Amino acid sequence: MCGPDVPTSSRTRVPLNTSVPTKLPAGKNATADKLLVAASELMIERASIEVSLSDIAQKSGVNAALVKYHFGNKDGLLLALLARDAATEMSQLEYLLAQPITPTAKLRLHIGGIIRAYHQFPYMNRLIHYLLHESTAQAADEVSKFFVAPLLEFHRRLLAEGIKAGEFRKIDPVLFYTSLIGACDHLFFGRHAMSRAVGVGPVTDEVCRDYIKHMEALIFGGVLERKETRMASGE
């Protein structure tokens, strides 16, 4: 599965906006938090975003009617869940860009951070796709604002910094975004298909660490200039 839809031209400039939807009560109310935790745990247990409000209510111990009070409807709950899950990684983008380290070091930290976020919330990309394509226009706008736009803009700025420093070759940030986010999602979504076909096991912490190293090697091999590739690999 590829990453969420983004503009097809790398020339598209999207203003950085790391704010989360202002109407969402996530993190401000204990009952709302219980509902979000329950929804997240059910999606991980079932490897699916198809969970009912009654299931969420039962697992959380909260009356299902309170979903409407706190989130408006189920899609409002799902939007709040995505905002909660993505908040940490999104809030660190500006911080990472400002660090006095090389673009290559920033890219390494970013790859690891994104993969760990997907490891913690393996349903994330399917939730993004649902809210972008199968929910309301308002939900799609919110997802674009607090996830897709800032992440794509971060990739554009980091790649430009690396090119200017002579560390990266010229690369389309849209294609880079698609490659990295799609690869993160498929580790978890495609794992179930592979387990049926060749009997691979679940995504453990060790698998996650190995995948980070694997993606670093693949991405550095394609992004870095030849000299920087050797340095990154320790040659």
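1. In which kind of crossing, left-handed or right-handed, does H4 pass H7? Before the answer, please keep in mind that this is a predicted model. In that model, H4 passes H7 in a left-handed crossing.

2. Two packed helices are described by the angle between their axes and the distance between the axes. For helix H4, which covers residues 74-91, and helix H7, which covers residues 124-133, the angle is about 135 degrees and the axes lie 10 Å apart. H4 and H7 are therefore oblique to each other, because an angle has to be over 145 degrees to count as roughly antiparallel.

3. On the H4 side, the contact with H7 is made by Asp-75, Leu-78, Leu-79, Leu-81, Leu-82, Asp-85 and Ala-86, and H7 contributes Met-124, Leu-127, Ile-128, Tyr-130 and Leu-131. Sorted by class, this contact of H4 with H7 holds 10 nonpolar residues and two charged ones, with no polar residues.

4. A second pair to look at is helix H6 (residues 103-120) with helix H8 (residues 137-164), whose axes come within 9 Å and cross at roughly 155 degrees. That angle makes H6 roughly antiparallel to H8, and H6 passes H8 in a left-handed crossing.

5. Where H6 and H8 meet, the residues from H6 are Pro-103, Lys-106, Leu-107, His-110, Ile-114 and Tyr-118, while those from H8 are Phe-147, Leu-151, Phe-154, His-155, Leu-158, Glu-161 and Gly-162. By class, the contact of H6 with H8 has eight nonpolar, three polar and two charged residues.

6. Leaving aside residues up to four places away in sequence, Ala-57 touches Val-62, Asn-63 and Ala-64. Ala-57 and Lys-34 are 23 residues apart in sequence, and their C-alpha atoms are 9.0 Å apart in space.

7. Turning to the chain as a whole, the protein has 11 helices and zero strands. Of its 235 residues, 47% count as buried, and the accessible surface comes to about 12,000 Å², of which 54% belongs to carbon and sulfur atoms. Among the contacts with a separation of 6 or more, 74% are accounted for by residues 24 or more positions apart.

Note on methods: Residues numbered from 1 in each chain as written. Predicted model: local features only at pLDDT ≥ 70, side-chain atom pairs only at ≥ 80, totals over all residues. Heavy atoms only, no water. Axes fitted to C-alpha atoms, helices over the stretch in contact; angles between N-to-C directions. Helix = DSSP H or I, 4+ residues; strand = E, 2+ residues; numbered from the N terminus. Parallel < 35°, antiparallel > 145°, perpendicular 65-115°, else oblique. Left-handed = near helix turned anticlockwise from the far one by under 90°. Contact = heavy atoms within 4.5 Å. Nonpolar A, V, L, I, M, F, W, Y, C, P; charged D, E, K, R; others polar. Buried < 20%, exposed > 50% of the residue type's maximum accessible area, 1.4 Å probe, protein only. Areas by Shrake-Rupley, 256 points an atom, 1.4 Å probe, with all protein chains shown as cover.
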